[in-house]
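This briefing is meant for a reader who is meeting the structure for the first time. Please look over the sequence and the model below, and then follow the points topic by topic.

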Amino acid sequence: MNSAERLDAALRDELSALKSRQLYRLRRIVAGPQQVELRVNGGSCLNFSGNDYLGLAAHPALAEAAHRALDHYGVGAGAAHLVTGHTREHHALEEELAAFTGRARALLFSSGYLANLGIASALLGRGDCVFEDRLNHASLLDAGLASGARFKRYAHGEVETLRAQLAASSGRRTLVMSDGVFSMDGDIAPLPQLADCAQAADAVLMVDDAHGFGVLGATGGGSLEHCVIGAGQVPVLMATLGKALGCSGAFVAGSEALIETLIQRARTYIYTTATPPALAAATRAALGLVQTETWRRDRLRELIVRFRNGAQQLGIPVQASETAIQPVIVGSAARALAVSERLHERGLLVIAIRPPTVPAGSARLRITLSAAHSDAQVDRLLDGLHEALAA
């Protein structure tokens with residue numbers, strides 16, 4: 001057996017082990033646009049697993065903006081932003097995001113993962129310290145680990161633990177990185193307390209608002225607006241454009257010096273081809289709808305209340321979340337898969353989330369709501385959950 005054959009044999013053994021532990025993952029093939037009635041693997045189902053919180057992913061205004069830009073720019077950006085890939089559409093989107101977030105500048109990245117890695121690599125190194133919530137998104141955790149700084153985690157939401165860790169720490173620069181809305185639990189980080197804690201320790205607070213931006217706050221400003229804290233308390237803001245805005249990519253917003261530093265030092269920005277100009281154009285249209293169609297956030301809040309009230313009446317064990325993410329923890333990976341399959345048989349797509357995405361013993365159904373859902377569809381989900389959990 002040669003080295004390639006030995007590698008394949010070892011990988012097959014590892015894959016078999018994943019299957020035996022109910023941790024093997026499969027991709028689903030979607031035919032058609034992202035919407036609440038979704039065509040998956042050749043069948044139709046109601047989608048309660050996406051992140052299209054405002055129902056913008058298939059909005060005609062976004063498609064029209066993209067089509068116009070395609071006619072003008074073509075498909076690919078052709079190069080990195082620092083070469084020839086930075087178009088007027090990209091630049092206009094950055095300026096509009098900066099204005100919307102109340103920051104001096106904004107900088108586009110191809111994904112939230114790349115943005116978080118870029119922030120950490122540009123701002124941190126040996127001799128620095130980074131502190132993170134234990135339930136942060138994998139991209140934040142990986143960014144902290146890859147930065148070269150001393151890396152510590154604190155128990156979920158435990159600000160006093162963080163305060164003690166910061167007091168015992170010393171470094172050239174200290175960064176506290178946290179999700180704004182935690183993607184698997186749906187709870188909102190204690191941002192005012194984190195901001196006070198960071199400021200007292202002369203640390204910089206960075207917030208990943210992937211699941212809050214566009215959704216929370218009176219204007220859709222996100223978890224910072226929801227918690228009534230400003231740019232001075234959170235100098236580094238990152239948010240993604242593929243969830244509430246229905247597009248793809250991410251941005252970092254902050255001061256002139258911060259953005260210029262990222263342009264000069266963030267390797268995931270410097271060495272990545274820019275996203276297609278048509279995508280930037282579509283995102284500009286989405287950002288406009290976030291600001292003008294405020295009814296979408298109102299509708300989403302109504303559905304969250306409807307779902308939570310219905311779950312309480314039926315005895316469905318939802319977590320303490322006021323966001324569009326409503327997890328139902330069922331325990332084992334095997335049970336989560338079984339309940340998810342029962343729901344799918346009823347025409348309801350609710351994906352089972354298992355370790356290592358969540359801690360062992362906390363496998364769950366990650367239910368997500370969209371402003372595009374109807375009351376009847378949410379009621380159908382509640383009935384299906386009640387039956388599937390009882391089976």
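This is a predicted model: local features need pLDDT of at least 70, side-chain atom pairs count only at pLDDT 80 or more; totals for chains, interfaces and linings use all residues.

Thr323 has its place in the loop between helix H13 and strand S10, the strand that covers residues 325-331.

**Thr323**

- Is Thr323 buried or exposed? Thr323 counts as buried because its relative accessibility is 5%, and the cut-off for a buried residue is under 20% relative accessible area.
- Thr323 and Thr161 are separated by 162 residues in sequence, and the distance between them in space, taken from C-alpha to C-alpha, is 25 Å.

**Cavities**

- Three cavities of 30 Å³ or more are held within the structure, and the largest cavity contains about 60 Å³ of space.
- The lining of this largest cavity is made up of Leu93, Leu108, Phe109, Leu241, Ser248, Gly249, Ala250, Thr275, Leu279, Ala280 and Thr283.
- Two elements, strand S3 (105-109) and helix H12 (277-292), each give two or more residues to that lining, and H12 gives the most, with three residues.

**Salt bridges within helix H13**

- The structure holds 14 salt bridges, and one of them joins Asp298 to Arg301, with 2.5 Å between the closest N and O atoms.
- Asp298 and Arg301 are three residues apart in helix H13, which spans residues 295-314, so about one helical turn separates them.
- Both partners of this pair are partly exposed, Asp298 at 36% relative accessibility and Arg301 with a relative accessible area of 38%.
- Arg299 forms a salt bridge with Glu302, in which the closest N and O atoms lie 3.4 Å apart.
- Arg299 and Glu302 are likewise separated by about one helical turn, because they are three residues apart in helix H13, and Glu302 is partly exposed, with a relative accessible area of 47%.

- Arg346 and Glu387 meet through their side chains in a salt bridge, at 3.0 Å from N to O.
- Where do the two partners sit? Arg346 is in the loop between helix H14 (333-345) and strand S11 (348-349), whereas Glu387 belongs to helix H15 (residues 375-390), so that the pair, 41 residues apart, links distant parts of the chain.
- Arg346 counts as partly exposed at 32% relative accessibility, and Glu387 is also partly exposed, with a relative accessible area of 43%.
- Salt bridges that share partners bring Arg299, Glu302, Arg306, Asp375 and Asp379 together into one network.

- Leu15, Leu18, Tyr24 and Leu26 make a nonpolar surface patch of about 350 Å².
- Leu15, one of the residues in this patch, is found in helix H1, which covers residues 3-20.
- Why does Leu15 count as partly exposed? Its relative accessibility is 39%, and partly exposed residues are those between the buried cut-off of under 20% and the exposed cut-off of over 50%.

Definitions and conventions:
Residues are numbered from 1 along each chain as its sequence is written. Side-chain values use heavy atoms; hydrogens and water are left out. Patches are made of residues with over 30% relative accessible area and no salt bridge: like charges are joined within 9 Å, nonpolar side chains (Val, Leu, Ile, Met, Phe, Trp, Tyr) within 5 Å. Accessible areas come from the Shrake-Rupley method with a 1.4 Å probe; for residues, only the protein chains shown count as cover. A salt bridge is a side-chain nitrogen of Lys or Arg within 4 Å of a carboxyl oxygen of Asp or Glu. Helices (H or I, at least four residues) and strands (E, at least two) are DSSP runs, numbered from the N terminus. Buried means under 20% relative accessible area, exposed over 50%, partly exposed in between (1.4 Å probe, protein chains only). On a 1 Å grid over the protein atoms alone, a cavity is a set of points where a 1.4 Å probe fits but cannot get out, and a pocket is an open set with protein on both sides within 12 Å along at least five of seven lines; lining residues have an atom within 4 Å of a point. Grid points are joined across faces, edges and corners, and a volume is the space filled by probe spheres set on the points.
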